[in-house]
Amino acid sequence: MSFYQMMQLDPASNRKLRADAAPETVRKLRLAMVARSALIVLFAIVFIGVMSTWFGAENSSMAVSIFCILLASRFVGFGYRISDSLLSMGLSFFLLLTGPVLALLPHELFWALAIDFVSLLAIIVMTCENPGLGNGGLYTFAYIFLSGNPVRGDAFMQRAWLTVLGFALCGFVLWHNHRDQNRDRTFVSILRGFSLRSYKCQWQLRLAFGVSLLLALFSTLDMTRFMWAGFACGSLLADVEVESHIHEKLRDRLLGAVIGSVAFWLIWSVLPVNLEPLLGPVGGMCLGLCAEYRHKTMLNCFGALSLAAGMYGLQGAVLLRIIMTLLGILFAILFFYVYDHFVMTAFVPEKSRLAPYRDDPER
């Protein structure tokens, strides 16, 4: 395996290879993981910085979303032929642009829920034919992030142009890397296979409805930084095998948020003012070295709190992060058990719920 190929490995895969590798190979794998993380952070800083300069700082949330989709498009396709996939990506980008803004306009729970649910479900159905590959969490994250950072007027027009550019970039990467896959499989065939008795379809419905309900409820109540609760909720519901480790994931999410927020508070308190802007990039660098969910959640706090500390103050931002994460977790677990009791168990056999894709080689 070349050094470049080593750099393509995610931290979990890198760690597995190191377990049985020779000492020299272990050193190369570790160096490759550090180089990969550094390059991703550098690319993120340049990409998001340039896009924010061109299209306005208020549209940095769309720049971040495009950046994440761009990275994922190298490795994850949509599971059907490329012509249909490009059309679906275009429609998904359009819904990412319009859905979060339209849902906030009426400021009424029912209409916000309806717009968010339709938009999210359409995005998830189009992009998540293979739920285990991660597109559910990715596109849900983007929708939640954009819901928490809406724009109007000239800023919205700038975001629209940024969305067009983002689709062109991500679409090219998707076409380049997946154009020869699933040539005989159409999106229409995916829709025809939609069934309420399928775990995949119930997972799509549960994810879309759960996140939509939280966004509509919390935004209607004007809760500050409600997208942080959305991230916690979406992270849980997007897990395709959450039934088998729901309590473990909830625990790791809460511990990660609390420990990460407290660690940020302690470091920020003693760090010289001129070094404070480095906390976000350093956290991102360390994030690229982590394989454990709890550790990723901890380090995600650094980037989020680096921005929020300037708006709410250090203590206010830390408390807000912990509280909103806790509310998102409580909402997610309550919704999960209600949906599981009244809907999931009525349509999907227990065996399919506990290990939906574990033995399926196509997943």
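In these legends, helices are DSSP runs of H or I with at least four residues, and they are numbered from the N terminus. All views show a predicted model.

**View 1. The loop between helix H10 and helix H11, with Arg-225.** Arg-225 lies in the loop that joins helix H10 (199-220) to helix H11 (226-237). Its phi is near 55 degrees, which is a positive value in a residue other than glycine. Arg-225 has a relative accessibility of 16% and therefore counts as buried, the limit for that class being under 20%.

**View 2. The loop between helix H8 and helix H9, with Asn-182.** The loop shown here runs between helix H8 (154-178) and helix H9 (187-192), and Asn-182 is found within it. Although Asn-182 is not a glycine, its phi is positive, near 50 degrees. With 35% relative accessibility, Asn-182 is classed as partly exposed.

**View 3. Helix H3 along its length, and the residue that follows it.** Helix H3 is made up of 33 residues and spans 48 Å from its first C-alpha to its last, a length close to the 48 Å expected at 1.5 Å a residue. After the helix comes Gly-56, whose phi is positive and near 100 degrees.

**View 4. The packing of helix H2 on helix H3.** Helix H2 (residues 11-19) packs against H3 at an angle of about 170 degrees, and the two axes are 9 Å apart. Since angles over 145 degrees fall in that class, H2 and H3 are roughly antiparallel to each other. On the H2 side the contact is made by Pro-11, Asn-14, Leu-17 and Arg-18, which meet Val-26, Leu-29, Arg-30, Met-33 and Arg-36 of H3. Sorted by class, the residues of this contact are five nonpolar, one polar and three charged.

**View 5. The crossing of helix H3 and helix H13.** The axes of helix H3 (residues 23-55) and helix H13 (residues 279-287) come within 8 Å of each other and cross at roughly 140 degrees. The two helices are therefore oblique to each other, and their crossing is right-handed. H3 contributes Val-34, Ser-37, Ala-38, Val-41 and Ile-45 to the contact, where they meet Pro-281, Gly-284 and Met-285 of H13. The residues of this contact comprise six nonpolar and two polar, with no charged residue. An α-helix has 3.6 residues a turn, so residues three or four places apart point the same way.

View 6. When its neighbours within four places in sequence are left aside, Met-51 is in contact with Gly-56, Ala-63, Leu-162, Leu-165 and Leu-169. Gly-56, one of these partners, is the residue that follows H3. The C-alpha of Met-51 is separated by 21 Å from that of Leu-305, which stands 254 residues away along the chain.

View 7. Beyond its neighbours within four places in sequence, Phe-67 is in contact with Ile-40, Phe-43, Ala-44, Phe-47 and Ile-48. Phe-67 and Gly-166 are 99 residues apart in sequence, while their C-alpha atoms are 8.3 Å apart in space.

Definitions and conventions: Residues numbered from 1 in each chain as written. Predicted model: local features only at pLDDT ≥ 70, side-chain atom pairs only at ≥ 80, totals over all residues. Heavy atoms only, no water. Axes fitted to C-alpha atoms, helices over the stretch in contact; angles between N-to-C directions. Parallel < 35°, antiparallel > 145°, perpendicular 65-115°, else oblique. Left-handed = near helix turned anticlockwise from the far one by under 90°. Contact = heavy atoms within 4.5 Å. Nonpolar A, V, L, I, M, F, W, Y, C, P; charged D, E, K, R; others polar. Expected span 1.5 Å × (residues − 1). Buried < 20%, exposed > 50% of the residue type's maximum accessible area, 1.4 Å probe, protein only.
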